[in-house]
Amino acid sequence: MNAQGSSRTVLFDVGGVLVDTHPDPQAIAELFGDGSRGLTTLVDQAMWTHRGDYDAGLPDRDFWDRIAGDCGHPEPSSALLKQLVALDTSRMDTANEATLALVRRLRHQGVRVGILSNTPYPVAKAIRHSKWGSLFDFFAFSCHYGVCKPSRGIYRDVLVRLNVPHENVIFIDDRRENVRAAELLGVQGIVWKGVEDAETRLKELGVLL
């Protein structure tokens, strides 16, 4: 069932909700040529230092060059850059099947389902082209806005695009601050604690039968 005309909309975050895996610092360190604990730790720190800028639209080369520089490595070659991007996007090949089952139930009941995620350009593209991405009617990725959740700007634009009463929108995210920012604009929020808890909350809100 296509639910694009529904006034009830449930928006899902990706990382930690739809997709369980996070960037693997050891695998990245190995691509740099050294999978040692020391470099893995540096990669992990650099990843999260610069990830927000990447999610907000920083080009691939700039992001990975920052990580390489923080780890004492030269600018990645074109071949290495391609490998790094491919490694990051490969996490989107599969999603949590239990969460997808919930998405399918919502669609079957006529609820519009969408994605609202802090995501860089290549990962956003991978999501749209994934098999599970076809389950969603609506996409909002931070890379297209230049800001990340919990910035209010991204929520405001999403609500304009949805063009439904704010209270008819439910947002599910594993980070409380992201949910709270949506709630301050009148959206119904659910902090992700797993599929069963989300199902219970959606039933309480009258969205899931």
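This is a predicted model: local features need pLDDT of at least 70, side-chain atom pairs count only at pLDDT 80 or more; totals for chains, interfaces and linings use all residues.
**View 1. The buried side of H9.** Val195, Ala198, Glu199 and Leu202 are the buried residues of H9. Their arc around the axis is only 100°, so they sit on the same side of H9. An α-helix has 3.6 residues a turn, so residues three or four places apart point the same way. Glu196 and Glu204 are exposed on the other side of H9.

**View 2. What covers H9.** The cover over the buried residues of H9 includes S1, H5 and S4. Strand S5 (188-191) is also part of this cover.

**View 3. Contacts of Leu202.** Neighbours within four places in sequence are left aside here.

**View 4. The largest nonpolar core.** This core has 33 residues. Phe12, Leu18, Leu106, Trp132, Phe136 and Leu202 have the most contacts inside it. At least two residues each come from strands S1 (9-12), S2 (112-117), S3 (138-141) and S4 (169-173). Helices H5 (97-108), H6 (121-129) and H9 (195-204) each supply at least two residues as well. H5 gives the most, with four residues.

**View 5. Another core.** A core of 18 residues lies apart from the largest one. Ile28, Ala46, Tyr54 and Ala68 are among its residues.

Methods: Residues are numbered from 1 along each chain as its sequence is written. Side-chain values use heavy atoms; hydrogens and water are left out. A nonpolar core is a set of buried Ala, Val, Leu, Ile, Met, Phe, Trp, Tyr and Cys residues joined through side-chain atoms within 4.5 Å. Buried means under 20% relative accessible area, exposed over 50%, partly exposed in between (1.4 Å probe, protein chains only). Contact means heavy atoms within 4.5 Å. The arc is that of the directions from the helix axis to the C-beta atoms.
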